[in-house]
Amino acid sequence: MDTTQLLKGVLDAAVLAVISQEDGYGYDVVRRLRAAGLDHVGDASVYGTLRRLFTAGSLSAYVVASDGGPNRKYYAITPQGHEVLAEQRLAWATFSRSLSLLLNGVDRPKTLADPDLNFDPIPATDHSANPSLTGAHND
């Protein structure tokens, strides 16, 4: 499968996720994306994404002097960028879940209300070792 086409749709989210962990300059972001397994991410794509996210207000920028070369332009995520990232995380979770179900041959997605799922959000806790939590008193 050619993952470059898949990457185009999620590069904004990937870049925001990397920068939300730690501010970074262009090549640093490329390196961190590749270290995360996005081996085919292109330098030009990342630099273009950084500029676009900056223009849209999702990133801010500041310049740091470099000991061994030109100054570096670092990017930081803004509060708006955190909101965008949260929306993209939710969209990705919904999309990937739906596609996973489809690829695995499931006819319909299960919801938390589906009795076949047997989902218990608050597992029962055994308080028998501490009678004060069970309402039993040893007076």
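What share of the contacts in the chain with a separation of 6 or more comes from residues 24 or more positions apart? Such residues account for 42% of these contacts, a contact being defined as heavy atoms within 4.5 Å. The structure is a predicted model, in which local features need pLDDT of at least 70 and side-chain atom pairs count only at pLDDT 80 or more, while totals for chains, interfaces and linings use all residues. Residues are numbered from 1 along each chain as its sequence is written, and side-chain values use heavy atoms, with hydrogens and water left out.

The predictor's confidence in each residue is expressed as pLDDT, on a scale from 0 to 100. The mean pLDDT of the chain is 83, and 76% of its residues reach 70 or more. Over residues 130–139 the pLDDT is below 50, and this stretch has five contacts in the model beyond near neighbours in sequence. Residues 119–125 likewise stay under 50 in pLDDT, and the model has one contact for them beyond four places in sequence. Where pLDDT is low, the predicted coordinates should not be read in detail.

The secondary structure comprises five helices and three strands. Helices (H or I, at least four residues) and strands (E, at least two) are DSSP runs, numbered from the N terminus. From the N terminus on, the order of the elements is α-β-α-α-β-β-α-α. Of the 139 residues in the chain, 22% are buried; here buried means under 20% relative accessible area, exposed over 50%, and partly exposed in between (1.4 Å probe, protein chains only).

Helix α1 spans residues 3–21 and bends by about 65° at V10, the bend being the angle between axes fitted to the seven residues ending at a position and the seven starting there. The buried residues of α1 are L7, L11, A13, A14, V15, L16, V18 and I19. Their packing partners are α2 (26–35), α3 (43–55), β2 (59–64), β3 (72–77) and α4.

Four salt bridges were counted, each defined as a side-chain nitrogen of Lys or Arg within 4 Å of a carboxyl oxygen of Asp or Glu. One of them joins D12 to R52, with the closest N and O atoms 2.9 Å apart. Because D12 lies in helix α1 and R52 in helix α3, the pair ties together parts that are 40 residues apart in sequence. D12 is partly exposed, at a relative accessible area of 21%, and R52 is also partly exposed, at 43%.

An α-helix has 3.6 residues a turn, so residues three or four places apart point the same way. R32 counts as buried at 15% relative accessibility, as does D28 at 8%. The side chains of D43 and R34 meet in a further salt bridge, at 2.9 Å from N to O. D43 is partly exposed, with a relative accessible area of 33%, and R34 counts as partly exposed at 30%. Salt bridges that share partners join D28, R31 and R32 into one network.

The loop between α3 and β2 contains G57, which is partly exposed with a relative accessible area of 25%. The C-alpha atoms of G57 and I77 are separated by 8.9 Å, although these residues are 20 residues apart along the chain. Not counting residues up to four places away in sequence, G57 touches T78, Q80 and G81.

On the surface, W92, F95, L99, L102 and L103 form a nonpolar patch with about 570 Å² of accessible area together. Patches are made of residues with over 30% relative accessible area and no salt bridge, with like charges joined within 9 Å and nonpolar side chains (Val, Leu, Ile, Met, Phe, Trp, Tyr) within 5 Å. L103, one of the patch residues, is found in helix α4 (residues 79–103) and is exposed, with a relative accessible area of 66%.

Note on methods
Areas by Shrake-Rupley, 256 points an atom, 1.4 Å probe, with all protein chains shown as cover.
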